[in-house]
2 protein chains.
Amino acid sequence: MKRNTWQREAVREALDGTEGFISAQALHSALHASGSPIGLATVYRALGDLASTGEADSLQSPDGEALYRACSTTGHHHHLICRNCGLTVEISAEPVEEWAKGVAAEHGFTQAAHVVDVFGLCAACTKLQAGA
Amino acid sequence: MKRNTWQREAVREALDGTEGFISAQALHSALHASGSPIGLATVYRALGDLASTGEADSLQSPDGEALYRACSTTGHHHHLICRNCGLTVEISAEPVEEWAKGVAAEHGFTQAAHVVDVFGLCAACTKLQAGA
DNA sequence: CTGGTTTTGACAATCATTATCAATTAGCTA
DNA sequence: TAGCTAATTGATAATGATTGTCAAAACCAG
Ligand SMILES: [Zn+2]
Ligand SMILES: [Zn+2]
Ligand SMILES: [Zn+2]
Ligand SMILES: [Zn+2]
């Protein structure tokens, strides 16, 4: 059975307290910085569990590391992410869901999943950049 | 200046002769298997160059490795990929393009880019799996 | 409490990718 | 064609993220 440990709870809370997506390494550092003696392997395991139970969302950063986030939306959704400050907006995309399902079926593909993320500069970062 | 070496040409040709997306490691193995003494670092460099000049498309596999493919479509497009055999179909996604642009604008995001890939089991692999 | 099972964490192992850097080579020039 | 020189190569080391190992510690049902 699945047990409740303070480590798992710590990871869950740390993730909840983080605005954007964060890597396992970074979350581990943050926990250490706040005095937690949690081990790195445990953070990896906890994040993996959270992701597999749907309590956390994960995506691959453009440079290939896995990033995690505790999303407020429970169902399937996607993200609009500021590539500068990490600000993340959860978005639903019905038309995209339909499209993905349709295009897979059209080509005889089954068990289709999709990766859909939009990266950009948020309003604040756009302003900053304009000023620079 | 940029020089033409048989190594770069070998990588280009090997990529052209590959149906789906392939990793740098796998392409290097394939080249070796066919008798080429090309070095691994060179394959990485060549693929990186091809990707940056747009001659090849690249994406992050779900488990975080970079995959490359010589696409026939020159313009912007997306992919429907068999997660078992790698079979890849190039697809256009006008509705998704519109949606991505719109959702970014709605939230005040600028310089929006997007990652859109569909993974599934192709018809052949679906049949195989059913038989197993 | 206690025992059996799960989880942890320090550390090693793996894997992809990048950095080094001496030796090689493409492509220009005379 | 021979020589020059900067770009390129490749063996290898280094890096960095992630996973495997396994004895010790922690949960929790009874
Ligand atoms: Zn921002
Ligand atoms: Zn979706
Ligand atoms: Zn297939
Ligand atoms: Zn697109």
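I started with A:R69, which is buried at a relative accessible area of 7%; buried means under 20% relative accessible area, exposed over 50%, and partly exposed in between (1.4 Å probe, protein chains only). Before going on I noted that this is a predicted model, where local features need pLDDT of at least 70, side-chain atom pairs count only at pLDDT 80 or more, and totals for chains, interfaces and linings use all residues. Residues are numbered from 1 along each chain as its sequence is written, chains are lettered from A and ligands numbered from 1 in the order in which they are written, and side-chain values use heavy atoms, with hydrogens and water left out.

**Salt bridges**

Which residue does A:R69 pair with in a salt bridge? I found A:E19, with the closest N and O atoms 3.8 Å apart. The term stands for a side-chain nitrogen of Lys or Arg within 4 Å of a carboxyl oxygen of Asp or Glu. A:E19 sits in the loop between α1 and β1 (22–23) of chain A and A:R69 in strand β3 (residues 66–69) of chain A, so the bridge ties together parts that are 50 residues apart in sequence. Helices (H or I, at least four residues) and strands (E, at least two) are DSSP runs, numbered from the N terminus. A:E19 is partly exposed, at 47% relative accessibility.

I then checked chain B, where B:R69 is buried as well, with a relative accessible area of 7%. The side chain of B:R69 meets that of B:E90 in a salt bridge, 2.9 Å from N to O. B:R69 belongs to strand β3 (residues 66–69) of chain B and B:E90 to strand β5 (residues 88–91) of chain B, so this pair ties together parts 21 residues apart in sequence.

A:R12 is partly exposed at 25% relative accessible area, and A:E9 is partly exposed at 35%. A network of salt bridges links A:E9, A:R12 and A:E55. Searching the whole structure, I got 10 salt bridges over all chains.

**Zinc sites**

What coordinates the zinc ion (ligand 2)? I listed A:H76 (NE2), A:H78 (NE2), A:E97 (OE), A:E97 (OE) and A:H114 (NE2), at 1.9 to 2.5 Å. Donors are N, O and S atoms within 2.8 Å of the metal (3.2 Å for Na, K and Ca); water is not among the atoms, so sites may look incomplete. The donor residues are spaced H-x1-H-x18-E-x16-H in sequence. A:E97 in helix α4 (residues 94–106) of chain A and A:H114 in strand β6 (residues 110–121) of chain A link distant parts of the chain, 17 residues apart. I also noted that A:E97 is buried, with 13% relative accessible area.

For the zinc ion (ligand 4) I wrote down B:H76 (NE2), B:H78 (NE2), B:E97 (OE), B:E97 (OE) and B:H114 (NE2), at 1.9 to 2.5 Å. B:E97 is buried, with a relative accessible area of 13%.

**DNA strand C**

Next I went to DNA strand C, which has 18 residues around it, A:R3, A:T42, A:R45, B:Y44 and B:A66 coming nearest. A residue is near a molecule or strand if one of its heavy atoms lies within 4 Å of it.

I picked out some individual atom pairs. A:T5 has a polar side-chain atom 2.9 Å from a phosphate oxygen of DNA strand C. A polar backbone atom of B:N4 is 3.0 Å from a phosphate oxygen of DNA strand C.

Which element gives the most to the surface near DNA strand C? It is α3(A), with three residues. By type, the residues of that surface divide into six nonpolar, six polar and six charged. Here Ala, Val, Leu, Ile, Met, Phe, Trp, Tyr, Cys and Pro count as nonpolar, Asp, Glu, Lys and Arg as charged, and the others, Gly among them, as polar.

How values were computed. A polar contact is a pair of N or O atoms within 3.5 Å; within protein, one must be able to donate a hydrogen and the other to accept it, and residues adjacent in sequence count only if both atoms are side-chain atoms.
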